Amino acid sequence: SQPEPPSQPEPPLQQRRPSLQQKPPSQPQPDDDEDKEAPIEEHDESAKLEPQPPMQQPSVRAPFGTSLDPLRGVVDEQGQKPPSQPQPNDSTPSGRLISDCSLSLWEDVSKEGQPPTFWNLDSLSWPLQLNGEGIVIAILDSGINQNHLAFTQQVYLAQSFISGESVEDTLGHGTMCAGIACGARFEGSEKLNWFGGIAPRAKLLVCKVVPKGSNDYNPTAVCEALDYIKNNHGLNSELPVNVISLSFGSHKYDREICDRVNALATDVIFVCAASNYGSQRDQPIAYPALLGNVLCIGSHSSCGKASSFSAVGRDIDFLAPGENVCAPSVGGPQALSPGSGTSYSTPAVAGLICLVLQYLKYLSPTLYHCACKVAVMMEILLKMATCQGGHSEEHGYGCLVPKEFFDIIPAEIERFIGKI
């Protein structure tokens with residue numbers, strides 16, 4: 001019999017993921033107000049959750065801060081893996097364009113009259129003691145409901161970059177994004193089918209960049225927030241920001257914002273919402289998600305199917321839960337609101353990255369520092385992707401299944417990351 005031909009080497013990152021190559025815009029355009037469109041209907045802050053039928057009580061993750069190692073039980077001394085049984089962990093909300101203006105938050109696109117379906121982030125959860133502790137995530141958005149019970153310990157710092165305004169969220173969008181990424185469960189939350197965000201022990205840096213009464217982010221505030229993070233929470237600071245989640249965008253190239261993103265992206269992982277235009281435009285994906293050194297996130301349903309509103313394009317990297325889900329919102333200390341859109345799938349991925357970084361930090365400081373590069377994190381997420389063998393404009397590399405990465409024994413993870 002003929003000997004088998006040698007296996008072909010894995011194509012380099014630039015060939016497999018063209019969006020990581022820097023793609024300068026062909027014609028940067030100055031900002032103006034002429035092509036602003038009317039905003040879609042306002043986010044309903046008073047939305048109340050309908051009573052849900054009883055559901056099976058999920059397993060509660062063991063508390064951190066004990067003498068146990070955070071990953072005890074993952075592998076034994078021989079490197080053998082225990083049976084993996086993912087548990088319901090964190091529920092995610094989703095988001096979409098708050099307005100279709102040139103400067104937009106991607107907020108709720110739920111169909112009118114459609115009852116919310118509360119499905120947990122089972123696909124992005126992990127049954128170990130991973131909870132994001134020791135990792136810092138920044139969310140630039142409309143602020144946060146500081147009185148919400150989901151954020152009693154998570155908020156490390158909250159600062160408004162809107163002159164004369166507090167960090168308090170009146171829109172709900174920023175609170176929902178923060179809740180998805182790292183909101184905690186609270187007494188009675190299980191009865192509302194809220195089991196916490198993806199990384200409930202991560203430290204949260206809230207940057208308010210959306211003025212009260214507006215659906216559009218303020219570009220100057222965004223620049224100031226990014227400058228603040230670079231100068232005060234950079235790589236060599238006492239508490240560096242590891243992940244930045246951006247659930248807004250514009251189809252106009254803003255050089256001031258994009259230059260700052262590019263400068264920070266050398267040591268910080270940016271996770272950006274693609275947009276909710278589906279395939280309605282020649283280029284549905286907006287900046288900064290269109291930049292080559294960020295992760296561009298679309299949305300999928302509870303069935304794993306790409307959402308109809310999720311932007312289509314060659315720069316889509318992954319899909320995450322972002323359709324007809326719920327999260328902490330404004331309106332009270334236990335307020336939850338339903339929604340759909342790439343705004344909410346984006347912080348879900350940001351929270352997952354916090355878990356990955358916590359895991360690698362436990363294994364080795366070297367692995368942790370390597371994974372803080374977007375190119376390395378891209379390869380790690382590809383290990384979780386359902387479509388590793390090919391990229392499509394609708395699904396990117398597909399949905400994320402974390403167990404595909406966390407099931408790898410530590411020695412193999414070290415070899416894998418060392419080759420990137």
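This is a predicted model: local features need pLDDT of at least 70, side-chain atom pairs count only at pLDDT 80 or more; totals for chains, interfaces and linings use all residues.

Numbering starts from 1 along each chain as its sequence is written, and side-chain values use heavy atoms, without hydrogens and water.

**Exercise 1.** Describe how helix 3 packs with helix 4, and how helix 5 packs with helix 7.

*Solution.* Two packed helices are described by the angle between their axes and the distance between the axes.

Step 1. Helix 3 (residues 219–232) and helix 4 (residues 255–264) pack at about 20°, and their axes are 9 Å apart. Helix 3 is therefore roughly parallel to helix 4 (angles under 35 degrees count as roughly parallel, 65 to 115 as roughly perpendicular).

Step 2. Look at the contact (heavy atoms within 4.5 Å). From helix 3, Pro219, Val222, Cys223, Leu226, Asp227 and Lys230 meet Glu256, Ile257, Arg260, Val261, Ala263 and Leu264 of helix 4. By class, eight of these contact residues are nonpolar, none polar and four charged.

Step 3. Now take helix 5 (residues 342–363) and helix 7 (residues 374–384): the angle is about 105° and the axes lie 12 Å apart. The two helices are therefore roughly perpendicular to each other. Helix 5 brings Val349, Leu352, Ile353, Val356, Leu357 and Leu360 to the contact, and helix 7 brings Met377, Ile380, Leu381 and Met384. This contact has 10 nonpolar, no polar and no charged residues.

**Exercise 2.** Which residues line the largest cavity?

*Solution.* Step 1. A cavity is a set of points on a 1 Å grid where a 1.4 Å probe fits but cannot get out, and lining residues have an atom within 4 Å of a point. The structure holds one cavity of 30 Å³ or more, and the largest has a volume of about 50 Å³.

Step 1. Its lining consists of Tyr217, Ser250, Lys252, Asp254, Ile257, Cys258, Tyr287 and Pro288. Five of them are nonpolar, one is polar and two are charged.

**Exercise 3.** Is the peptide bond from Tyr287 to Pro288 cis or trans?

*Solution.* Step 1. The bond is cis, with omega near 5°. Pro288 sits in the loop between strand 7 (269–273) and strand 8 (295–300).

Step 1. Ser275 is also found in the loop between strand 7 and strand 8, and its phi is near 135°, a positive value in a residue other than glycine. Most residues other than glycine have a negative phi, and most peptide bonds are trans.

Note on methods
Axes are lines fitted to C-alpha atoms, for helices over the stretch in contact, and angles run from 0 to 180 degrees between N-to-C directions. Helices (H or I, at least four residues) and strands (E, at least two) are DSSP runs, numbered from the N terminus. Angles under 35 degrees count as roughly parallel, over 145 as roughly antiparallel, 65 to 115 as roughly perpendicular and the rest as oblique. Ala, Val, Leu, Ile, Met, Phe, Trp, Tyr, Cys and Pro count as nonpolar, Asp, Glu, Lys and Arg as charged, and the others, Gly among them, as polar. On a 1 Å grid over the protein atoms alone, a cavity is a set of points where a 1.4 Å probe fits but cannot get out, and a pocket is an open set with protein on both sides within 12 Å along at least five of seven lines; lining residues have an atom within 4 Å of a point. Grid points are joined across faces, edges and corners, and a volume is the space filled by probe spheres set on the points.
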